[in-house]
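Dear colleague,

I am passing a structure on to you below, and I would be glad if you kept it open beside this message while reading.

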Amino acid sequence: MADVAEDIDSKLYICTTNILVIMAQVELLMPKMGESIIEATILKWNKKEGDNIAIDESVLDIATDKVDSEVPSSVSGVLVKILHPEGAVVAVGAPLALIETQVGASNSAPVNAPVVEVVAPKVEVAKSENTSVQSQQVVYSNANSDSRFYSPLVLNIASTEGVSMNELSVISGSGSEGRVTKKDIIAFIDDRANGKVTNSIPAEPVKAIVPQSVAPVSTQPTTPTSLNDGNVEIIEMDRMRKLIADNMLKAKQIAPHVTSFVEADVTNLVKWRDRVKKDFEKREGEKITFTPLFVMAIVKAIKDFPLINVSVDGSTIIVKKDINIGMAAALPNGNLIVPVIKNADRLNLVGLTKVINDLANRARTNKLKPDEIQGATYTFTNVGTFGNVMGTPIIPQPQVGILATGAIRKKPAVIETPEGDFIGIRQMMFLSHSYDHRVVDGALGGSFVRRVADYLEQWDINQEY
């Protein structure tokens, strides 16, 4: 008889001869996607129950508020159970599916050897690196002892629309194992508003047991004042817009914002780019925009003023040695994403151009990797792209500064020469620097943006790239 196997959540198939086959069920977990990401939405299952899966083969596609990604399998085996349907919101570290894999076997047994099935005792399997993060399925308790599970999305809708626990318990769910989906609860709300649902169920407050370590995105419910006059349109925020709204609110609540403005004469910069852009594209295979030129000036100024490249942790200032520049980019759907140029101070102009163009192109097609939108130490945004001459950007936490460049416009300006001053047409641009007044005073914040402008104004028109 084979030796006793260790306790795992599995079935043991023990032959009467010398053979032991362990069919273990391994949980496929929602991967960690970044420091601030606590959940993701299942976009599509690439495998169905009963399918064979190889190691590193894509099992499903997921989407966070910033980026889409594939989830590969860490083992080979058979997909025996899908735990969440497409469209479900699942916490980082929570199980997505069960994969049955053969842990060990011996082929020394006779073909006709009888097999005895033994169920091994269950043991708890670690769900993620952060053991405090639990599955983001929420169970409600009520007088009817409703034992169904409800997702945080259904919870938020129920709370916002005033759907009681008793009402929620009678909704017919179309999801996996009869669970209530977003579509189900919205249909119920519409039917209730149209009088198709009899409001005879006592409105018992909804009580949700939510893991304290998972902080759901806060939303401020609003009550439309006129929904039936035909002159309004109600648009539900998508997940990315909700996250942006929440982050912007937190940023303003945490950091006292101050903004300093500088006008820079970038005539030489514009002339230099006009002179080299064709040869640059021909030689490097990349179009050179103003963005890498702005980033180079910002990096030089950060080296001059390293206390701009910091974050705040309570009463502690953390000075960052790496210079990682966040580059705000508008998406086709109107949302915003900030890919990060890692170690920008180690790149020359050609390297910056290639990295920036690559990040910008993949941002527009939603192909950025999770780590490419994490770790910025200072952020830059070009509001001039939209024809704006200046802006007052909001500081992304936990950074302490963000710089906005405005549109470059031809303007009459006073030109000082040894022979005297005269009026000429110059290429002018405003720079706006918003900074956290907890740790960045006006002298530092103003000097920094002035230094960036100096580097742009002093651009050598005759230099090579």
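The model is a predicted one, in which local features need pLDDT of at least 70 and side-chain atom pairs count only at pLDDT 80 or more, while totals for chains, interfaces and linings use all residues. Residues are numbered from 1 along each chain as its sequence is written, and side-chain values use heavy atoms, with hydrogens and water left out.

The sheet

Helices and strands are DSSP runs numbered from the N terminus (helices H or I of at least four residues, strands E of at least two), and two strands pair if DSSP finds at least two bridges between them. On that basis, 4 strands make up an open sheet in the order β6-β5-β3-β8, with antiparallel pairing. Because β6 (68-72) and β8 (89-91) each have a single partner strand, they stand at the edges, and one side of each is left without a neighbour in the sheet. From one strand to the next the twist averages 45°, where axes are lines fitted to C-alpha atoms (for helices over the stretch in contact) and angles run from 0 to 180 degrees between N-to-C directions. Strand β5 (residues 58-63) is joined to β6 by 5 bridges, and alanine 63 stands opposite aspartate 68 in β6.

The helix pair

Helix α6 (residues 291-304) and helix α7 (residues 349-364) have axes that come within 9 Å and cross at roughly 120°. The two are therefore oblique to each other, a class left over once angles under 35 degrees are counted as roughly parallel, over 145 as roughly antiparallel and 65 to 115 as roughly perpendicular. At their contact (heavy atoms within 4.5 Å), Thr291, Pro292, Leu293, Val295 and Met296 in α6 meet Leu349, Leu352, Thr353 and Ile356 in α7.

Two residues

Valine 75 is found in the loop between β6 and β7 (77-82), and, not counting residues up to four places away in sequence, it touches Val26, Ile53, Ala54, Ile55 and Ile99. Valine 75 and aspartate 56, although 19 residues apart in sequence, are 7.4 Å apart in space, C-alpha to C-alpha.

Asparagine 382 lies in strand β21 (residues 378-382), and, leaving aside its neighbours within four places in sequence, asparagine 382 is in contact with Phe294, Thr405 and Gly406.
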